[in-house]
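Here are my notes on this one, as numbered points. Have the viewer open while you read.

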Amino acid sequence: MRDLPKVELHLHIEGAAPPAFIRDLAARKGVDLRGIFTADGRYRFRDFWQFLEVYEAATSVLKTPEDYHALTRAVLAESASHGVVYTEAFLSPDFCGGGDVGAWTEYLAAIREAADEAERRDGIVMRGIVTAVRHFGPDQARRTALCAAETAGDWLVGYGIGGDEKKGHLGDFRWSFDLAREAGLRITAHAGEWGGPESVREALDDIGVERIGHGVRAAEDPALVERLAAEGVVLEVCPGSNIALGLYPDWSLHPIRALREAGVKVTISTDDPPFFGTDMTREYERLAAAFGWTEADFMDLARTAAEAAFCTPETRKAVLDRLERQ
Ligand code: ADE
Ligand code: ZN
C-alpha cells in the first residue's frame, strides 16, 4: 500500500505539521504550548471545535516565511514517503501574514521554494489552494481572496474555504469566490462535513464549486447523491479525519463506498494527518480492510484525483503518466 502512487487533493499545510515540529518551534520561540499536547506528544482535542482551537494554537508559532519553508519541507518529505506523487495543499493568508498581500507573497515564495526542492529531491509535485477560514468571517475572507487573486497562476491554482461549517452561510462569501474565479482560480469548499446535505447544495448553488471538501453527508440525501454523480462533482473525502472526529463510529460505516457505488467521483485525502493519527498508507489500508478494495480500486481512485486536480493540463498529463508507469 505504501508504494502505490497516490494523489492527494485535500491537505491543510498547518494541519500536517508533526507535533514534534510545532513543539520544537514553540520551545525555540519561548511559547508555552503544553496544553495542546497529550503526555505522549500527540495533539489533544475532544471534538471538532476544540480541534480548531488546538490547530490555531499550534499554528501561532509559525511566524515567518522560514518557518513555512521548514514546515513545507517536512510535510512533503512525509507525503512522498507514503507514495504521494502529487498533492494540493490548503494555504491560509490568514496565518501567513494576516491577510496582507505583501507579506503573503513572501510566505508563498518560501513555500514554493521548499516545494521545488522537494520535487527535485523526491519527485513529489505540490500545488497550492488559498483557503479562507469560515469562522474568521467574510471581511477577512476578502483579504485572502485578494491575496489569492494577486498570486494566481500555474502554481497557486485554487481558492477554497474551511473552518467552522456551522458559522454563517457559504453565500456570505460569494464576493471572495467570484474574485478568485475571475482571477482564474478553480473553486472548492468544505461542506457536508458538519453541515448536512443542505450545506452541499449551498456549495453547488451559491458558490458553484467544482469540488467539495468532504461532502460525505450528501449520502443522507439520495436525490443529492444522484445530482453529484450526474454533474461529475468531485468529493475530497478524508475518511480517517471523519472517523477521528466522530462523524462515523467505524470505517465500515463510512459512506465513501456507497457514494462511489452510486457513481460519485470520490478521492482520498488525509486532511490534517498527525491530528487524526493517519497518513495516506493508513487510509488505503483501512479502506482495503473495510471494503475489500484492491490495488486496482486504489489506482482508479488516484486517476480520478489526478483528473480532478486543479493543475495545468501538462502537469496533469505528467501525473497520469506517472500513475500509468505503476
Ligand atoms: N481546517 C483544517 N481541517 C479542517 C476540517 N477537517 N474541516 C474544516 N476546517 C478545517
Ligand atoms: Zn479540510
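**Notes on the model**

1. Start with the aromatics: Phe-37, Tyr-43, Phe-45, Phe-48, Trp-49, Phe-51, Tyr-55, Phe-95, Phe-136, Trp-194, Phe-275 and Phe-276 make up one aromatic cluster. Rings of Phe, Tyr and Trp (its six-membered ring) are paired here if their centres lie within 6.5 Å, with planes under 30 degrees apart called stacked, over 60 edge-to-face and the rest tilted.

2. Some housekeeping: this is a predicted model, in which local features need pLDDT of at least 70 and side-chain atom pairs count only at pLDDT 80 or more, while totals for chains, interfaces and linings use all residues. Residues are numbered from 1 along each chain as its sequence is written, chains are lettered from A and ligands numbered from 1 in the order in which they are written, and side-chain values use heavy atoms, with hydrogens and water left out.

3. How many aromatic pairs does the ring rule give? The count is 20 aromatic pairs. One of them is stacked because the ring centres of Tyr-284 and Phe-298 are 4.3 Å apart and their planes meet at 15°. That pair links distant parts of the chain, 14 residues apart: Tyr-284 belongs to helix H11 (residues 280-291) and Phe-298 to helix H12 (residues 295-308). Helices (H or I, at least four residues) and strands (E, at least two) are DSSP runs, numbered from the N terminus. Both Tyr-284 and Phe-298 are buried; the cut-offs are under 20% relative accessible area for buried, over 50% for exposed, and partly exposed in between (1.4 Å probe, protein chains only).

4. Two arginines are worth a click. The charged end of Arg-142 sits over the ring of Trp-175, 4.7 Å from the ring centre. Arg-260 lies over the face of Trp-293, with 4.9 Å to the ring centre. The test for a charge over a ring is NZ of Lys or CZ of Arg within 6 Å of the ring centre and within 35 degrees of the ring normal.

5. On to the ligand. Around ligand 1 you'll find His-12, Phe-48, Phe-51, Tyr-55, Gly-162, Gly-163, His-190, Glu-193, His-214, Asp-271 and Asp-272, where near means that a heavy atom of the residue lies within 4 Å. Phe-48, Phe-51 and Tyr-55 also turn up in the aromatic cluster.

6. Which side chains make polar contacts with a nitrogen atom of ligand 1? Asp-271 has a polar side-chain atom 2.6 Å from a ligand nitrogen, Glu-193 has one at 2.8 Å, and for His-12 a side-chain N or O atom is 3.4 Å from a ligand nitrogen. Ligand 1 taken alone exposes 260 Å², and the protein buries 97% of that. A polar contact is a pair of N or O atoms within 3.5 Å; within protein, one must be able to donate a hydrogen and the other to accept it, and residues adjacent in sequence count only if both atoms are side-chain atoms. Accessible areas come from the Shrake-Rupley method with a 1.4 Å probe, and for residues only the protein chains shown count as cover.

7. His-214, in strand S6 (residues 211-214), has a positive phi near 75° while not being a glycine. Asp-271 is another non-glycine with a positive phi, about 75°, and sits in the loop between strand S8 (265-268) and H11. His-214 is buried at 0% relative accessibility, and Asp-271 is buried at 3%.

8. No disulfides to set up: a search of the whole structure finds zero, where a disulfide is a pair of cysteine sulfur atoms within 2.5 Å. For Cys-96 the nearest cysteine sulfur is that of Cys-147, 9.4 Å away, which is too far for a bond. Cys-96 is buried at 1% relative accessible area, and Cys-147 at 0%.

9. Last, a few single residues. Glu-53, in helix H2 (residues 48-59), is exposed at 58% relative accessibility. Glu-324, in helix H13 (residues 313-324), is partly exposed at 49%; its C-alpha is 8.9 Å from that of Met-299, 25 residues apart in sequence. Gly-137 lies in the loop between strand S3 (125-133) and helix H5 (138-151) and is buried at 14%.
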